[in-house]
Amino acid sequence: MATTETDHTRGTLSADLLAGLAAAIPSIPEAMASGVLVGVSPLSDEQVTMLMPLGSLFFAGAAEFEEDLPSAGESRRAVVVLRLRGRKEVGSTFLRVIDRYAKTLQKNGGKLMLVGVSQPVYDQLRRTGMVAELGEENIYLATRLLGESALQVWREGQAWLGEV
């Protein structure tokens with residue numbers, strides 16, 4: 001398997017894994033593999049949408065992120081996967097944003113899943129009660145292989161939609 005070391009994430013990027021992601025997630029452009037993914041507004045019913053926030057997730061950056069989130073108010077059974085790879089900490093404003101967003105999704109039969117979560121961010125989520133709020137089963141720690149946990153959560157989101 002061919003691998004490439006990446007500076008900005010300190011993980012291993014597998015060409016085979018990226019090809020698997022692209023094949024498994026046909027609605028996501030090839031740009032997803034390079035870390036560029038823009039949300040869809042509004043969310044589609046009964047679909048998995050993967051989002052990757054760019055920039056700061058503190059104070060005004062978190063508020064801007066909330067403004068850019070796809071509208072979840074009318075969507076039914078939408079699954080949103082928020083990719084947090086490379087984050088060592090998130091702000092309290094961001095935690096309030098994802099709490100509100102998760103509650104909106106849940107109210108409409110959907111859910112929020114976090115992927116690529118570092119241990120320090122997981123510890124922060126646990127301390128603030130967000131692990132209990134989102135559900136342990138909806139939080140996926142980052143793995144050394146880039147895209148591995150993203151592909152896993154994508155598949156689990158699809159499976160959840162099939163079960164509900």
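In this predicted model, the helix α6 supplies three residues to the lining of the largest cavity, and this is the largest share that comes from any element. The cavity itself has a volume of about 40 Å³, and the structure holds one cavity of 30 Å³ or more. The elements that give two or more residues to its lining are β5, which covers residues 111–117, β7, which covers residues 145–146, and α6, which covers residues 148–163.

Looking at the residues one by one, you will find that the lining is formed by Arg83, Arg85, Val115, Gly116, Thr143, Leu145, Leu146, Gly147, Glu148, Ser149 and Ala150. When these lining residues are sorted by class, four are nonpolar, four are polar and three are charged.

For helix α2 (residues 59–68) and helix α3 (residues 92–107), the axes come within 8 Å and cross at roughly 20°. Because angles under 35 degrees count as roughly parallel, α2 is described as roughly parallel to α3. The crossing in which α2 passes α3 is right-handed.

Which residues make the contact between α2 and α3? From α2 come Phe59, Ala62, Phe65 and Glu66, while α3 contributes Thr93, Phe94, Val97 and Arg100. Sorted by class, the contact of α2 with α3 has five nonpolar residues, together with one polar and two charged residues.

Notes:
Residues numbered from 1 in each chain as written. Predicted model: local features only at pLDDT ≥ 70, side-chain atom pairs only at ≥ 80, totals over all residues. Heavy atoms only, no water. 1 Å grid on protein atoms, 1.4 Å probe; cavity = no way out; pocket = protein on both sides within 12 Å on 5 of 7 lines; lining within 4 Å. Points joined across faces, edges and corners; volume = space filled by probe spheres on them. Helix = DSSP H or I, 4+ residues; strand = E, 2+ residues; numbered from the N terminus. Nonpolar A, V, L, I, M, F, W, Y, C, P; charged D, E, K, R; others polar. Axes fitted to C-alpha atoms, helices over the stretch in contact; angles between N-to-C directions. Parallel < 35°, antiparallel > 145°, perpendicular 65-115°, else oblique. Left-handed = near helix turned anticlockwise from the far one by under 90°. Contact = heavy atoms within 4.5 Å.
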